[in-house]
Amino acid sequence: MTPQPVTSPVATGEEALPRPALAPRLGGAALSRGIVTIYLSLIVLIPLAAVVDDSVSAGLGTFFDQITAPQAVAALKLTLLSSLAVVAINGIAGTVIAWVLVRDEFPGKRIVNAMIDLPFALPTIVAGLTLLALYGDDSPFGINVAFTVAGVVMALLFVTLPFVIRAVQPVLLELDREMEEAAASLGARPLTIFRRIIFPNLTPAILAGVALAFARAMGEFGSLVLISGNIPFETEVGSVFIFNQLQSGNQTGAAAVSVLLLAIAVLVLFLINLLARRSTRHAR
């Protein structure tokens, strides 16, 4: 009996239908999503849920009493206003510094560029001690901002310095210089070129840096605990207020103020990200 030749689907012009997978392959998208979800749950979601549960463990009435206490309101107000002032200053100063580091050449540029990341590497308590030594009672410059709101703002400026700079630098490096040259050849002034071409492309990066700086300023503790003096109703910020409540045994009050700080930070970050998305669409 003569064996029949075996024909492949390719030879006959027919396509082989893929066999349906009975289970996701090892290392596939489902496994990756599961790992990410578990990790975020363990590191972020479950601890936050525990703090929220602790804040309302004594009832919603106690929660509102804690967050509306005069000392808590004063601390939250100082934290919010200081953070907004700091991100406004760093939004402008950080953009200017990033511009100088990218577009200008000067001696010591690499050293300056490396120093920008110093607040990331330096322990915040050391930053507070340094600021206290430079701008405290024994300041070599004759400037004393210790235990004042100005000292709080200065400490927050220090720890949030890199965010806007590092967000804007890559965008400036990738920005098409030919558009600027074309506008200049058509008679556009430098200010017009910046306003019409450069700034719209930088806006999303500036807003992203501002959002990160705001979140850092809202929760900063180490650099403030020394230079602020922790004076109630004057220089006590939200993070230090929470620490003092824990020290005095009021864990429910500390958790309630923590949840409120978290809600404010999330709301502001959402609004800034919304503005960033709109700016990106407008630039496109």
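Asn-230 counts as partly exposed, because its relative accessibility is 23%, where partly exposed covers the range between buried (under 20% relative accessible area) and exposed (over 50%), with a 1.4 Å probe and protein chains only. The model is predicted, so local features need pLDDT of at least 70 and side-chain atom pairs count only at pLDDT 80 or more, while totals for chains, interfaces and linings use all residues. Residues are numbered from 1 along each chain as its sequence is written, and side-chain values use heavy atoms, with hydrogens and water left out.

**Loop residues with positive phi**

- Asn-230 is not a glycine, although its phi is positive at about 55°, and Asn-230 sits in the loop between helices α12 (224-227) and α13 (238-247), helices being DSSP runs of H or I with at least four residues, numbered from the N terminus.
- Phe-233, also a residue other than glycine, has a positive phi near 70°, and Phe-233 is found in the loop between α12 and α13.
- Phe-233 counts as exposed because its relative accessible area is 55%.

**Nonpolar surface patch**

- A nonpolar patch on the surface, with about 1,100 Å² of accessible area together, includes Val-36, Tyr-39, Leu-45, Leu-262 and Val-266; accessible areas come from the Shrake-Rupley method with a 1.4 Å probe, and for residues only the protein chains shown count as cover.
- The elements that give two or more residues to this nonpolar patch are α2 (29-55) and α14 (251-283).
- Patches are made of residues with over 30% relative accessible area and no salt bridge, with nonpolar side chains (Val, Leu, Ile, Met, Phe, Trp, Tyr) joined within 5 Å and like charges within 9 Å, a salt bridge being a side-chain nitrogen of Lys or Arg within 4 Å of a carboxyl oxygen of Asp or Glu.
- Helix α2 gives the most to the nonpolar patch, with ten residues, and Leu-45 lies in helix α2.
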